[in-house]
Amino acid sequence: MPRKRKASQGDLFANAKAAAGQTDRPSTFRQAVAARRSPRPRTESSGVEKKRTWLSATAIESMRRCPRCFWLDRNQGIRQPEGIVSRLANRFDVVIKRYFDLYRGTNELPPMVAGRVKGKLQHPFQEKYWHPIDDRYGYYGKLDECLVSDNHTYTPVDHKTASSDPNARELIPAYQFQLDSYAFLLEQNGRPTTGIGHLIYFFPGHGDRLHHGFPMEISVKTLKTNPDKVVPELKKAVTILVSPLPKPTPDCNFCTYVEQVKKF
Ligand code: SF4
């Protein structure tokens with residue numbers, strides 16, 4: 001059964017900031033890591049939505065890992081050093097999206113996924129969805145793809161590049177929350193959802209004749225989506241952001257290192 005669109009959740013956050021008190025900025029820590037400040041402001045403008053801080057599923061995942069790192073990132077623009085990161089997945093995304101676009105507006109699904117998912121590719125495709133939480137914070141998401149059923153219900157899709165068959169591993173919990181978030185954002189924007197979402201994995205296969213083309217395997221995981229899981233996390237995020245700096249996560253090597261170095 002398609003899920004019905006719900007009323008705006010903005011009023012659920014009205015008491016969070018009042019309960020939490022005012023932000024208390026840590027001057028000593030701030031001085032110590034001032035050089036790590038992000039040059040990028042943590043607010044975005046979108047039409048009339050100026051100066052609102054927009055949170056994403058990635059930000060919520062960071063909050064779950066460590067509220068302190070989340071607070072420092074969003075309130076002070078201070079992020080952990082990134083290290084060397086592969087951009088291969090970004091390039092894969094571009095190539096896959098172009099391939100899907102060839103079938104947009106037709107009655108066909110891309111042969112790579114035909115028979116494994118239902119519906120048509122959304123046409124025109126709306127990639128980004130926004131939902132104001134209150135007058136200061138909002139939630140946004142950027143879908144990789146969206147399928148529309150005959151009864152005008154929507155199924156969010158996310159592409160994943162993997163090193164091997166994902167069926168041999170447990171699902172990463174953040175992926176479930178990502179699809180829950182997309183379902184939430186679709187519904188808040190007037191698009192009822194099917195109650196499911198797809199993760200489409202692309203990973204290298206084996207082959208003896210690589211000179212004829214590198215084999216890529218595809219696996220589709222279909223998850224039930226639960227948009228109701230999102231609001232409590234957003235409420236938690238706002239409460240953290242308007243509260244004093246949280247304590248470090250005890251088993252984190254980075255903050256332990258900073259504390260030890262401070263002694264010298
Ligand atoms: S404990 Fe680790 S994750 Fe948390 S603020 Fe410190 S460095 Fe960041």
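User: Hi! Leaving aside its neighbours within four places in sequence, which residues is Pro67 in contact with?
Analyst: Pro67 is in contact with Ile240 and Pro246, leaving aside neighbours within four places in sequence. Two residues are in contact if their C-beta atoms, placed from the backbone, lie within 7 Å. This is a predicted model, where local features need pLDDT of at least 70, side-chain atom pairs count only at pLDDT 80 or more, and totals for chains, interfaces and linings use all residues. Residues are numbered from 1 along each chain as its sequence is written.

User: How far apart are Pro67 and Pro246?
Analyst: Along the chain they are 179 residues apart, but their C-alpha atoms are separated by 6.2 Å.

User: Is Pro67 buried or exposed?
Analyst: Pro67 counts as buried because it has 21 C-beta neighbours inside 10 Å. The cut-offs are: buried if 20 or more other C-beta atoms lie within 10 Å of a residue's own, exposed if 12 or fewer, and partly exposed in between.

User: You mentioned α3. At what angle do α3 and α4 cross?
Analyst: The axes of α3 (residues 57-65) and α4 (residues 67-76) cross at roughly 135 degrees and come within 5 Å. Axes here are lines fitted to C-alpha atoms, for helices over the stretch in contact, with angles from 0 to 180 degrees between N-to-C directions. That makes α3 oblique to α4. Angles under 35 degrees count as roughly parallel, over 145 as roughly antiparallel, 65 to 115 as roughly perpendicular, and the rest as oblique.

User: And which residues make that contact?
Analyst: From α3 come Ala59, Ser62, Met63 and Arg65, and from α4 come Pro67, Cys69, Phe70, Asp73 and Arg74.

User: New topic: how many residues are in the largest nonpolar core?
Analyst: It has 37 residues, and those with the most contacts inside it are Leu55, Ile60, Ala237 and Val238. A nonpolar core is a set of buried Ala, Val, Leu, Ile, Met, Phe, Trp, Tyr and Cys residues joined through C-beta atoms within 7 Å. Helix α6 (residues 173-188) gives the largest share, seven residues.

User: What does Ala237 touch, leaving aside neighbours within four places in sequence?
Analyst: Ala237 is in contact with Leu55, Ile60 and Met63.

Technical notes: Helices (H or I, at least four residues) and strands (E, at least two) are DSSP runs, numbered from the N terminus.
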